[in-house]
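Here is a friendly briefing to read alongside the model. Please keep the structure open as you go through the points.

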Amino acid sequence: MMRKCKVFELVDRPRDWKVIKNRWVFDVKSDGHKKAHLVAKGFSQVKGLDFDQVFSPVVHFETVHLMLALTALENWYITGLDVRSTYLYGKLNEEIYMEQPEGFAAPGQECKVLHLWHALYGLKQASLAWWRTLDESLKELGFERLKSEAGIFFYKKKGTNIIIGIIYVDNALFCGPNRAAVDAIKAQFMCKWECRDLGEPNEFLRMRITHKGCAIHLDQCAYLQKVIEHCSMLNAKSASTPLLAGYYAAKNTEPVDAELRSHFQMVIGSLLYLMLGTRPDIAFAVTHLSCHATNPSQDHLNKALYIGCYLIGMSTYSLVYNGGSSAGLIACTDSDWGSDPTSHLSQTGFYLKLADGLISWTSQAQKTIAYLSTEAEYMALSDCARQVTWIQSLLGELSYKLKAILICSDNQGSMHQEIEEALLKLYLTLPYIIIVHICIHMHHSDTQLDHVSYCLGEL
């Protein structure tokens, strides 16, 4: 494959130039296919000499959820591809030399090295080189990249149906209303990139995709089972909640235990992947514990495993996108004022639904201290509104013109803010209203709201 893609050229070892080493990495994919990767030891690269920029954008999980929800609503055809040796297509701009791989040294030329023309797994700039090549090849096919989401490409010419490409390194999905057009574009893509045609996709980013009528089900049951086995929890008893009620993860003041930290990071990293993919029900518990990843205690590890016990009992849960839904895009938000007893920060939580299924969710500590519960609610509403605006912008680029999106909140202070603002405008002309406003600003109740309604009725 490396020779086919013209990844390298065998040359004499250069003088006064660092030559990086490599190693073989073997893996078995979820579908049973065995893969061997030659990985460069990029940690020995020197910034400014053999690499500069390294950032490469990838599609977000919430965007994948959104596209699958749209697929269910619009009854689109969807097909998948597995790109072979993706990074080998990325063209390098830097001069890089690497030793010959173990077991594949050219006979009689063992002292020579590889001058790399294309990227290789492990190089610092490999993902960026791949991304630039992908962007160029899709432009040649007539695709445009969304400004609001770098991992989504769309094909739309006058008189044709839209085709959407969802790319995450070596995983690709193409979807659209016209099956023949989607298959034609997929065939053109496969001419540029060596791929394995997956047909109707059963999995994407370790998320199982199941079509049931007009609904799409999304779950990570297989991945969860591997996590449970890896954590030696096959015989563990299930728990009814992700964390015990009232539990607070206190900071560990003991010295760092390297072995404990490694174990905790492995467990919490797996839980984070589950949470981002299909499990919003563990969002608070996982983010709460992940704050202690640098110096966890045994209690933190036990609680992380406790989340695993909860998942064992709820292992069959899945996200469902109902194609027959007419609910539209809905957002809900809430906050927990001053929930952290140490920092006194409040907790923000929100989610977005489309096709009766969650497409985006967040649970995180707020960045500043809120002095009132209403203030904490406004911070949560602000975070949710930014996410809604981003989703609205993304859908707008796909020619979906949305009306105002409903954001639900249960805070009385936020709900009655309009009444308070109306009363504020009457301060100078009707002084007695000031007393009513002060009472309402301090406490909200049904009786006080009746008084407000009476005052406004008198006006």
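F153 is buried, with a relative accessible area of 1% (buried means under 20% relative accessible area, exposed over 50% and partly exposed in between, using a 1.4 Å probe and protein chains only). This is a predicted model, in which local features need pLDDT of at least 70 and side-chain atom pairs count only at pLDDT 80 or more, while totals for chains, interfaces and linings use all residues. Residues are numbered from 1 along each chain as its sequence is written, and side-chain values use heavy atoms, with hydrogens and water left out.

**Aromatic pairs**

- A search of the whole structure turns up 13 aromatic pairs (rings of Phe, Tyr and Trp, the last by its six-membered ring, pair if their centres lie within 6.5 Å; planes under 30 degrees apart count as stacked, over 60 as edge-to-face and the rest as tilted).
- One of these pairs joins W130 and W131, with 6.1 Å from centre to centre and 55° between the planes, and it is tilted.
- The partner of F153 is W131: the ring centres are 5.8 Å apart and the planes stand at 45°, so this pair is tilted too.
- W131 sits in helix α2 (residues 126-140) and F153 in strand β9 (residues 152-155), so their pair ties together parts that are 22 residues apart in sequence (helices, H or I with at least four residues, and strands, E with at least two, are DSSP runs numbered from the N terminus).
- Both tryptophans, W130 and W131, are buried, and the relative accessibility of W131 is 9%.
- Elsewhere, Y89, F143, Y155, F174, F189 and W193 come together in one aromatic cluster.

**Salt bridges**

- The structure holds 11 salt bridges (a side-chain nitrogen of Lys or Arg within 4 Å of a carboxyl oxygen of Asp or Glu).
- R84 forms one of them with E194, and their closest N and O atoms are 4.0 Å apart.
- R84 is partly exposed at 35% relative accessibility, and E194 is partly exposed with a relative accessible area of 25%.
- D135 pairs with K139 in a salt bridge whose closest N and O atoms are 3.7 Å apart.
- Because D135 and K139 are four residues apart in helix α2, about one helical turn separates them.
- D135 is buried at 11% relative accessible area, whereas K139 is exposed at 53%.
- D135 and K139 are also linked with R145 in a network of salt bridges.
- K303 forms a salt bridge with D299, where the closest N and O atoms are 3.0 Å apart.
- K303 and D299 are four residues apart in helix α7, so they too are separated by about one helical turn.
- Here K303 is buried at 13% relative accessibility, while D299 is partly exposed with a relative accessible area of 33%.

- Y223, L224, V227 and I228 are the buried residues to look for in helix α4 (residues 221-230).
- These residues cover an arc of only 140° around the axis, which puts them on the same side of α4 (the arc is that of the directions from the helix axis to the C-beta atoms).
- The other side of α4 has A222 and H230 exposed.
- The buried residues of α4 pack against α5 (258-277) and α7 (298-313) (contact means heavy atoms within 4.5 Å).
- Just after α4, S232 adopts a positive phi of about 55°.

**Strand pairing**

- Strand β2 (residues 19-20) pairs with strand β6 (residues 91-98) in the parallel sense over two bridges (two strands pair if DSSP finds at least two bridges between them).
- In that pairing, I20 stands opposite M98 of β6.
- β6 is also joined by four bridges to strand β7 (residues 113-118), and these two run antiparallel.
- The bridge partner of I96 is L116 in β7.

**Cysteines**

- How many disulfides does the structure hold? The number is zero (a disulfide is a pair of cysteine sulfur atoms within 2.5 Å).
- C175 is buried with a relative accessible area of 0%, and C309 is buried at 14%.
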